[in-house]
Amino acid sequence: MIGFIVAGLIIGALARLIKPGKQHLGIVATLLLGLVGSVIGGTIANLLGTGDIFELNVLGFILAVIASVLLIGVAEAVAGRRHHTGVR
């Protein structure tokens, strides 16, 4: 479980480094997006037959980072829409 959290934080941090621009996300949001991205990446890698979903492998890691970058984009769009419309 601790390994999963550390991996999620690393994946989220890498995704934030890859995504251009400044993201207004705290460490908890980064962790959560990294965790969700790692589950998505692990699931896709598992479907491709590279190993178990919770098993660390290169393809799963790469897919997790890609999924996290996409999730950061979605989170920014949702946050921007709330900020733009004045909804909190």
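Visitor: Which residues form the largest nonpolar core?

Guide: Welcome! This is a predicted model, where local features need pLDDT of at least 70, side-chain atom pairs count only at pLDDT 80 or more, and totals for chains, interfaces and linings use all residues. Residues are numbered from 1 along each chain as its sequence is written, and side-chain values use heavy atoms, with hydrogens and water left out. A nonpolar core is a set of buried Ala, Val, Leu, Ile, Met, Phe, Trp, Tyr and Cys residues joined through side-chain atoms within 4.5 Å, where buried means under 20% relative accessible area, exposed over 50%, and partly exposed in between (1.4 Å probe, protein chains only). The largest one has eight residues: Ile 11, Ala 15, Leu 25, Leu 33, Ala 64, Val 65, Val 69 and Ile 72.

Visitor: Which helix gives the most to this core?

Guide: Helices (H or I, at least four residues) and strands (E, at least two) are DSSP runs, numbered from the N terminus. Helix 1 (2–18) and helix 3 (58–85) each supply at least two residues of the core. The top contributor, with four residues, is helix 3.

Visitor: Which residue forms a salt bridge with Lys 19?

Guide: A salt bridge is a side-chain nitrogen of Lys or Arg within 4 Å of a carboxyl oxygen of Asp or Glu. A search of the whole structure finds one. Its closest N and O atoms are 3.3 Å apart, and the partner of Lys 19 is Glu 76.

Visitor: How many residues apart in sequence are the parts that Glu 76 and Lys 19 tie together?

Guide: Glu 76 itself is partly exposed, with a relative accessible area of 26%. Returning to the salt bridge between Glu 76 and Lys 19, Glu 76 lies in helix 3 and Lys 19 in the loop between helix 1 and helix 2, so the pair ties together parts whose separation in sequence is 57 residues.

Visitor: Which residues is Val 69 in contact with, leaving aside its neighbours within four places in sequence?

Guide: Contact means heavy atoms within 4.5 Å. Val 69 belongs to the largest nonpolar core. With those neighbours within four places left aside, its contacts are Ala 15, Ile 18 and Lys 19.

Visitor: Is Val 6 buried, partly exposed or exposed?

Guide: Val 6 lies in helix 1. Its relative accessibility is 43%, so by the cut-offs above Val 6 counts as partly exposed.
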